[in-house]
Amino acid sequence: MTVDSLVYFLPELVLLGAALVVIIGGLVLEGGHEDRHSSDITRLFSAGVALVGCLGALGALYYLVGRTGTPVDPLAGAFVVDRYAIYVKAILVVFAIVTVLMSYRYSERLKPHQSEFLGLVLIATVGGMFMASAREMIEAYVALETLSISLYVLVAFNKADRLSSEAGFKYLVVGAASSAVLLYGLAILYGLTGRTDLVAVAQAVAAGGANSPALALATILVVGGLSFKIGLVPFHQWIPDVYQGAPTPVTAFVSTASKAAGYGLLIRILGTALLPMSHQWQIYLAVAAAVTMTVGNITALSQTSVKRLLGYSSIAHAGYIVMGLVAMANPSTANLGLAVVLFYILVYGLNNLAAFGAVQAVEDTLGSDEISALAGFSKRSGTVAMVLALSMLSLTGIPPLVGFFAKVFVFLAAVQAGYSWLVLVAVINSAVSAVYYLKVVRSMYSDEGAVGRPVRVGPALGTALGIGVVSLLPLVIVANAFVDRAQKAAETLFLK
Amino acid sequence: MTLLSLAAQVAAAIPTLPASPAPSGTGSASSPQILLSIIVWLPLLGALLVLFLPGRTEADQGRIKNAALVFTGIPMAAALFATISTFTELGIAYSGGFKFEENYTWIGAFGAHYHIGVDGISLPLVLLSTILFFVAVLASLNLKVRVKEYFFLILVLDIGVTGVFTAMDLFLFFVFWEIELIPMFLLILIWGGKRRVYAAWKFLLFTIAASAILLLAILILYFKAGTGSFDMQALGQAKLAPELAATLFWLFFLCFIIKLPAFPLHTWLPDAHVEAPTAVSVLLAGILLKMGGYGIIRICVGMFQAQTKQFSIAILVFAVVGIIWGSVAALVQDDMKRLVAYSSVAHMGFVLLGVSALTAVALNGAVLQLFAHGLITGALFLLVGLVYDRTHTRSIREMGGLAQRMPYLAAAWVIAAFASAGLPGFAGFIAEFEIFIGSFGVHKIGTFLAVFGVVLSAAYLLWMLERVFFGSLKEAWAKLKDPGPVELGYMVGMLGVILLVGVAPKLLTQLINYGVAGLTAGGSVPANLGQ
């Protein structure tokens, strides 16, 4: 590795630098003063640096797109910068930007720890970015832990709140358990092949014939361990509690960026090391997808808190997304399957960010996120109500909102891969999901509920909501461009 | 009969207009067309404008209303231009097929295209919807609550409806089809009457069920046809196994008769109509039901003609039961709006009758019926709304003698009711006449039974007129006044078009003939009627 190849780490380095500046600068600025003025300055400073860092990282990513043509081998192949990795990283950074904007007003109540909060968000993002590029077991694991440990802290950040602490603890326990499962799977893979490089593992597995029971066990363990991050059954129980208990910007981050990073690594491992085992994990994932979406949707029906409801909805959506991974296992639909998954992750993330942005505005006003408390909310703020309604409808998959396209693309890919039964399950699930998403809409537009003071949406949150919604509608028109890009990105992942 | 002679003069004048020097014809394929895109997407521009205009004060709301008028008025003018220019080219530069086509790749990975165009079947419906949206905005000018959201939703609805009538790609068709769902749901839910929550949810449930069936059918067709595209014409040519084609036919048919609606899937309609505000009822009956009829003609007849023939008797049963049931139910209603709603069920039965006969004349009548019913029922709902605005009741029993206080409104009512009852001289008569002529040779008993629907429609409409407008004036209504010039203006306009088409039906029937000829592949253009 030469100094030259450092350029491939530019996005991560920029973001990491921003994180350090935010944390240290915050400490200096805060300097033990307790007055409101210096706290406001700190807040402005941290958010500003974080945003500049994110934008810088995006710029660096854009610059790297031009350099993907030549074979890139920093860290002797352990760290890949291909179109796939850049796509995932760009999504991650965009999600991080929205999270930073969302937390601007929220972090007021976190003082004197506001800058640490943002610093952790940035470090978590860096961890996620490394996950997208990792093609070596140990590196992948360390990257995963970087993301996870930052999130354990973030989820429990609101120390005064019992729910937040409880959520943090649950997240830590389930996270540690699934981490152990993953590590066990990776250890078996290493034991069988003697390699930690994912490509070398794939070659060794393919050469040895993919029939050993130990190999099947390792596959299940690896996929199962990574299920934690994306919320696939049976590692999904943490989701509702964490979504409800964590500070809302953190919830938004967990449900979007952390998930995207989870898919980033899962896809990388499935597409390289475990590609010879695709028959095994295809069936496992198909069954897991069917169970996951059904469990998510049925449990969501009886929820009364919007954040919990969104938690179960995220479980259901994990099921839909995994359908694309199922399609990825067939050589003929591999690129398409991956492309629709990447598109879905982006769409789902933007949807959720808009939804959580609106939920936070609701919480700030009402101090509650109960569906019943939402009654008549449209009279208080037509904008917030419309944003929340649009995201709910998009999550349901009602055209012309972009959620519909993401869903239909996944369905089409799964049918082409020969999994019509899975699509049938998914269509029924989708219809069921309309009931609880629309429950939220119905409550907001009902007559009941007192007309209280109008909602105050700050500039940062407003921008976040704007990004969420504005990106929903025009995405439909450029859906083609995205799927095309994603297919190009997919081509770089699978080894010829 | 000055109006009649005027209409005849207009009718005589139009064909003699000089044919434009063939701007389209063969050259049309190369030059990009945007006329249809203007009709479909201009309302979106209007919707965004409305969204960003301030809406607090009365002056602001006035601006919003003006914007809505402009952004529904221009598409109406464009649709009128498209219709007239096509009419002048009939048999000269235009000899059937689709016009104003636009075709761009949309989602390449799945072969979905942005492909729109109109033929003799869809052009009248595009014209109808642009007219009714303009009228609906006119009829909503007095709105005071949540003005901004209301016109925003109306304009979004406009995109979906005109999109459905122009889409030539099934995926695009589905997307447009679904755009209608949420605006209509919210329009009923927010601005509706007392039981609006119930009505809106019932509407939503029926519509979502229909959409799920439609999506399923489209996906099965897409994969089984194996053409790798959603193009309607390509899919219509696909060779499918008979059982599969039959299944698909029924899936599509089921979806469309929920929308149409046909007995026994019509129960959402009376509730939705009664609770919806006047202008929304106009759109619901005038255009949204037509989406069902259009779907049947375009997809069931156009793409599954063998199956339509095979299941002709079943369709006939739906038609006749719908006609009789709707008419009998209308007879016993006390609520004026419910009465008109049930009459819609009956009138849409005639469309099904025309489809079941599957002759060119009957299909021509079915398309014309869609157009005529859209205007006539639109007018009836507007009239119900005008009466309700003044009396604050829709109960027929509570009214009586209103003609003494509101002569103009009563006159409009009588004309619209005659048109609805299918009296000669009105558009509805031509349509029903064509349907009967075309279907009698195929289904003698069915047609015979269906004719009773016309008799019944005369009965319930005249009986209602008598109880509402004539007889002795009740005390409570002594202070009523006729509606103002705006209301009378659009009523005269709509009734004028109904009369014009009734007197000079070839204005539309010729155009429709070309569309129908395209459907019944190889079929000849039937002889013109009503000349």
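**Briefing: helix packing, core and chain contact**

In helix 16 of chain B, the residues B:A372, B:L375, B:I376, B:G378, B:A379, B:L382 and B:L386 meet a set from helix 20 of chain B: B:E487, B:M491, B:M494, B:L495, B:V497, B:I498 and B:V501. Sorted by type, the residues of this contact are 12 nonpolar, one polar and one charged. The model is predicted.

- Two packed helices are described by the angle between their axes and the distance between the axes.
- Helix 16 of chain B spans residues 360-391, and helix 20 of chain B spans residues 485-503.
- Their axes come within 10 Å and cross at roughly 155 degrees.
- Angles over 145 degrees count as roughly antiparallel, so helix 16 of chain B and helix 20 of chain B are roughly antiparallel to each other.
- The crossing of helix 16 of chain B and helix 20 of chain B is left-handed.

**The largest nonpolar core**

- The largest nonpolar core holds 409 residues.
- Which residues touch the most other members? They are A:V326 and A:F343.
- Helix 13 of chain A, residues 334-366, gives the most to this core, with 22 residues.
- Not counting residues up to four places away in sequence, A:F343 touches A:A406, A:F409, A:F482, A:V483 and A:A486.

**A leucine in helix 5 of chain A**

- A:L151 sits in helix 5 of chain A, which covers residues 137-155.
- Is A:L151 buried or exposed? A:L151 counts as buried because it has 28 C-beta neighbours inside 10 Å, and the cut-off for buried is 20 or more.
- Leaving aside neighbours within four places in sequence, A:L151 is in contact with A:A124, A:V254 and A:S258.
- A:L151 and A:F253 are 102 residues apart in sequence. In space, C-alpha to C-alpha, A:L151 and A:F253 are 9.1 Å apart.

**Where chain B touches chain A**

- On the chain B side, 19 residues are in contact with 17 residues of chain A.
- Which elements of chain B give two or more residues to this side? They are strand 1 (99-107), helix 6 (170-179), helix 7 (181-191) and helix 8 (196-225) of chain B.
- Helix 7 of chain B provides the largest share of this side, five residues.
- By type, the chain B side that touches chain A has 16 nonpolar, one polar and two charged residues.

Notes
Residues are numbered from 1 along each chain as its sequence is written. Chains are lettered from A and ligands numbered from 1 in the order in which they are written. This is a predicted model: local features need pLDDT of at least 70, side-chain atom pairs count only at pLDDT 80 or more; totals for chains, interfaces and linings use all residues. Axes are lines fitted to C-alpha atoms, for helices over the stretch in contact, and angles run from 0 to 180 degrees between N-to-C directions. Helices (H or I, at least four residues) and strands (E, at least two) are DSSP runs, numbered from the N terminus. Angles under 35 degrees count as roughly parallel, over 145 as roughly antiparallel, 65 to 115 as roughly perpendicular and the rest as oblique. A crossing is left-handed if the near helix is turned anticlockwise from the far one by less than a right angle, and right-handed if clockwise. Two residues are in contact if their C-beta atoms, placed from the backbone, lie within 7 Å. Ala, Val, Leu, Ile, Met, Phe, Trp, Tyr, Cys and Pro count as nonpolar, Asp, Glu, Lys and Arg as charged, and the others, Gly among them, as polar. A nonpolar core is a set of buried Ala, Val, Leu, Ile, Met, Phe, Trp, Tyr and Cys residues joined through C-beta atoms within 7 Å. A residue is buried if 20 or more other C-beta atoms lie within 10 Å of its own, exposed if 12 or fewer, and partly exposed in between; C-beta atoms are placed from the backbone.
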